[in-house]
Amino acid sequence: MSTPSALHTVAVIVQDNAEPFGLGSLVEVWGEPYHPEDDNPVFDFRVCTPRPGRVTTRSDFDLVVDRGLEAVADADLVCVSPHWDYDVHDDAVLEVLCAAHERGAIIYAHCSGSFTLGAAGLLDGRECTTHWRYTDRLQRAYPEALVHPDVLYCHDGTVLTGAGSAAGIDASLHLVRDRFGAHVASTTARRIVVPPHRDGGQAQFIARQVPECDAETLGPLLQWILEHLAEDLDVESLARRALMSSRTFARRFRAETGATPHAWVTQQRVLRAEQLLEQSDRSIEWIAAEVGFGNAATLRHHFTRQRGVSPQQYRRTFSGVA
C-alpha cells in the first residue's frame, strides 16, 4: 500500500469498438453520485475520446462522447477502457498517457486496455496483467513487461493493470482501498454487491468467493469462520467441522475459494484488523487477539506483508477515530 495522495478527478478514455462492460465497471466505482448511507467519496468523473462524437461498441448500440482528450490534462486518475481492436493504437491517446504519467497521475487499464499502456511504453520493467487469453500476446508484444498471467490485477508504482471483465472491479476496489482505506472499499463493494477483496487468480476460475453459497458447498463454514476468527482455525479443526478428511477438505477449499485454508483465513484476519484499526481505538495487542493472530508481533508480520505498511501506519493514515 502506498501513501494516499489526492484523487479527485477521474478521466476514462474510450475508443471505437469499446467493450461496454469494461467501461461500465469503471463507471460503477468511479462515476457514482453521493450516497448518504455510504458517505462515499465523489469524483469529478469524465469520459473522453480522441474524436468526440459517436463511439462504436461491440454490442448493439453506440456511445456519444462529447469530451475530447483535453479532459485528461488535469486528471489524478487516467483509466483506459478496453476496446476490441487492442493492437491498434491512437498516437494521441499514447501521447496523453505519457504526459499524464510524467506528471505523476495514476494510470489504470484492464483487460485489453493493457496493450495501450504497453504501446505507450508504460509497462517496460513493470509488473502487469491482462485477460488470461491475451497474456502471452502481451508478453510477446512488449517483452520488457513483467506479465503475470494468474493474478486479478497488478499495481506497480503509479501503473495499475487488471485482468479481464469483472477483474476490472477488483482492480478498482484495490485502488479505492489503497487511497481511502478498507471501510470505503467495503461500502463501495457492498453497493455493487461484490466481495471487497477476492483471493486467488484469474486462471483458477474461482467457483465461489462470497460466503453466500448453497448448503452443499463450504459457504456455511466460510461464514462461520468470519464469525469466529479468534478461534483456532487450523486445517484439521476446520476439516472436522466440515465432516471431511483434512486432504479432501484442503482440496475442496482451494477449488471453491482459489486459496489454501491458511491463506484465506489469514486474509480475512487482516481485513478484519483493517476495520478495527480504522473504526476503533483499541490497542494493537487487543486487535491481534480479537482477529486470531494471538499477539501484536504476528499481526504486524502478516499485516505488513499483505499491506506494505505496519498496523500503526495504517491507523494513522485511515483511522476515523479521533
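How many residues does the largest nonpolar core have, and which of them have the most contacts inside it? Before we look, note that this is a predicted model, in which local features need pLDDT of at least 70 and side-chain atom pairs count only at pLDDT 80 or more, while totals for chains, interfaces and linings use all residues. Residues are numbered from 1 along each chain as its sequence is written, and side-chain values use heavy atoms, with hydrogens and water left out.

Now to the core. The largest one has 30 residues, and those with the most contacts inside it are Ile13, Val72, Val78, Leu97, Ile107 and Leu117. A nonpolar core here is a set of buried Ala, Val, Leu, Ile, Met, Phe, Trp, Tyr and Cys residues joined through side-chain atoms within 4.5 Å. Buried means under 20% relative accessible area, exposed means over 50%, and partly exposed lies in between (1.4 Å probe, protein chains only). Strand 1 (9-13), strand 5, helix 2 (91-102), strand 6 (106-110) and helix 3 (113-119) each supply at least two residues of this core. Helix 2 gives the most, with five residues. These elements are DSSP runs numbered from the N terminus: helices are H or I with at least four residues, strands are E with at least two. In soluble globular proteins, nonpolar side chains tend to be buried together.

Next, find helix 1, residues 20-30. Its buried residues are Gly22, Leu23, Ser25, Leu26, Val29 and Trp30. Seen down the axis of helix 1, they fall within an arc of 155°, so they line one face of the helix; the arc is that of the directions from the helix axis to the C-beta atoms. An α-helix has 3.6 residues a turn, so residues three or four places apart point the same way.

Two of these residues, Val29 and Trp30, also belong to the lining of the largest cavity. A cavity is a set of points, on a 1 Å grid over the protein atoms alone, where a 1.4 Å probe fits but cannot get out; its lining residues have an atom within 4 Å of a point. The count comes to one cavity of 30 Å³ or more, and the largest cavity has a volume of about 100 Å³. Grid points are joined across faces, edges and corners, and the volume is the space filled by probe spheres set on the points. Helix 1 and helix 6 (182-192) each supply at least two lining residues, with the largest share, three residues, coming from helix 6.

Among the lining residues are Glu32 and Arg191, which also form a salt bridge, their closest N and O atoms being 3.6 Å apart. A salt bridge is a side-chain nitrogen of Lys or Arg within 4 Å of a carboxyl oxygen of Asp or Glu, and the structure holds eleven of them. Arg191 also meets Glu28 in a salt bridge (3.4 Å, N to O). This pair links distant parts of the chain, with Glu28 in helix 1 and Arg191 in helix 6, 163 residues apart. Glu28 is partly exposed at 32% relative accessible area, and Arg191 is partly exposed at 24%.

Finally, look at Asp74 and Arg46, whose side chains meet in a salt bridge (2.6 Å, N to O). Asp74 is partly exposed at 44%, whereas Arg46 counts as buried at 10%.

How values were computed:
1 Å grid on protein atoms, 1.4 Å probe; cavity = no way out; pocket = protein on both sides within 12 Å on 5 of 7 lines; lining within 4 Å.
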